[in-house]
Amino acid sequence: RNPIVYVPSHSALLSCLQRLSAPEHGAEAPTTWRASVFGAYDDNKMDPDIVAERSQIYSCLEYLAHELGTEAVVGASLTKTPFEQLSQQVNLLHFHGHGIFDTSGPERNSLVLGPPNEILNMPSIAALNLHATHVTLIACSGAVQDFSLSRDEPLGLLSSFLIGGASSVL
């Protein structure tokens, strides 16, 4: 009757509430949904253990994408443009890769994409304009939030996805 929702900040809550619209009386739940699956994992490293691990991760992501009726975007193909384009109009966004938590500038936290030195930073994530998308985030430091910049307002990838339109982030 009374759902309990954890929202990391007041601005993330306001962003979620502004997107909330009550369904019409008697409206049915959607029967179709779309997913996007992304992964980037040390594509420039040739250590045999890393190559084997990367192969396993990409194989799992391709299987997951197949089960969800979509194509996985992995490795060097995962740049900012396909991430932004394929994140639109999906109900599920899955990312598996590395995250960067920058202790000297927490506002520069980011996800590492496929090509060397290509990242998706917090402002880009917050500007995604997702549509009630659930985000599954498997990334180093993906859940780290910094509270030092503005009182109790957390700054991190989780709050960036919520501000960017995600309905939930795991």
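**Exercise 1: The chain as a whole**

The chain contains 5 helices and 10 strands, where helices (H or I, at least four residues) and strands (E, at least two) are DSSP runs numbered from the N terminus. This is a predicted model, in which local features need pLDDT of at least 70 and side-chain atom pairs count only at pLDDT 80 or more, whereas totals for chains, interfaces and linings use all residues. Residues are numbered from 1 along each chain as its sequence is written, and side-chain values use heavy atoms, with hydrogens and water left out.

Task: State what share of the residues in the chain is buried, and what share of the contacts with a separation of 6 or more joins residues 24 or more positions apart.

Solution. 
- Step 1. Buried means under 20% relative accessible area, exposed over 50%, and partly exposed in between (1.4 Å probe, protein chains only). Of the 170 residues in the chain, 39% are buried.
- Step 2. A contact means heavy atoms within 4.5 Å. Among contacts in the chain with a separation of 6 or more, 69% are between residues 24 or more positions apart.

**Exercise 2: Strand β3 and its partners**

Task: Determine whether the two faces of β3 are covered or uncovered, and with which strands β3 pairs.

Solution. 
- Step 1. In a regular strand the side chains alternate between the two faces of the sheet.
- Step 2. On one side of β3 lie Leu92, His94 and His96, and on the other lie Leu93, Phe95 and Gly97; all are buried, and both faces are covered.
- Step 3. Because 6 of the 6 residues of β3 (residues 92-97) are buried, the strand is largely enclosed by the rest of the structure.
- Step 4. Two strands pair if DSSP finds at least two bridges between them. Strand β1 (residues 35-39) pairs with β3 in the parallel sense over 5 bridges, and Phe38 stands opposite Phe95 in β3.
- Step 5. Strand β7 (residues 133-139) also pairs with β3 in the parallel sense, over 6 bridges. Here Leu92 stands opposite His134 in β7.

**Exercise 3: The surroundings of His94**

Task: Describe where His94 is found and which residues it contacts beyond its neighbours within four places in sequence.

Solution. 
- Step 1. His94 belongs to strand β3, and its relative accessible area of 11% makes it buried.
- Step 2. Leaving aside neighbours within four places in sequence, His94 is in contact with Ser36, Val37, Phe38, Leu61, Leu64, Thr136 and Ile138.

**Exercise 4: An open sheet**

Task: Give the order of the strands in the open sheet of 3 strands, and name its edge strands.

Solution. 
- Step 1. The order is β4-β5-β6, with antiparallel pairing.
- Step 2. The edge strands are β4 (99-100) and β6 (119-121), each of which pairs on one side only.
- Step 3. Strand β5 (residues 110-112) is joined to β6 by 3 bridges, and Leu111 has Leu120 in β6 as its bridge partner.

**Exercise 5: Residues in loops and a helix**

Task: Classify Asp42, Ser124, Gln89 and Asn129 as buried, partly exposed or exposed, and place each in the chain.

Solution. 
- Step 1. Asp42 is found in the loop between β1 and α2 (48-67). Its relative accessible area is 16%, so Asp42 is buried. Apart from neighbours within four places in sequence, Asp42 is in contact with Ile50, Arg54 and His98.
- Step 2. Ser124 has its place in helix α4. At 10% relative accessibility it counts as buried. Lys80 and Glu84 are its contacts, with neighbours within four places in sequence left aside.
- Step 3. Gln89 lies in the loop between α3 (80-86) and β3, and its relative accessibility of 48% makes it partly exposed. Gln89 has a positive phi of about 60° although it is not a glycine.
- Step 4. Asn129 lies in the loop between α4 (122-126) and β7, and is partly exposed at a relative accessible area of 47%. Asn129, which is not a glycine, has a positive phi of about 60°.
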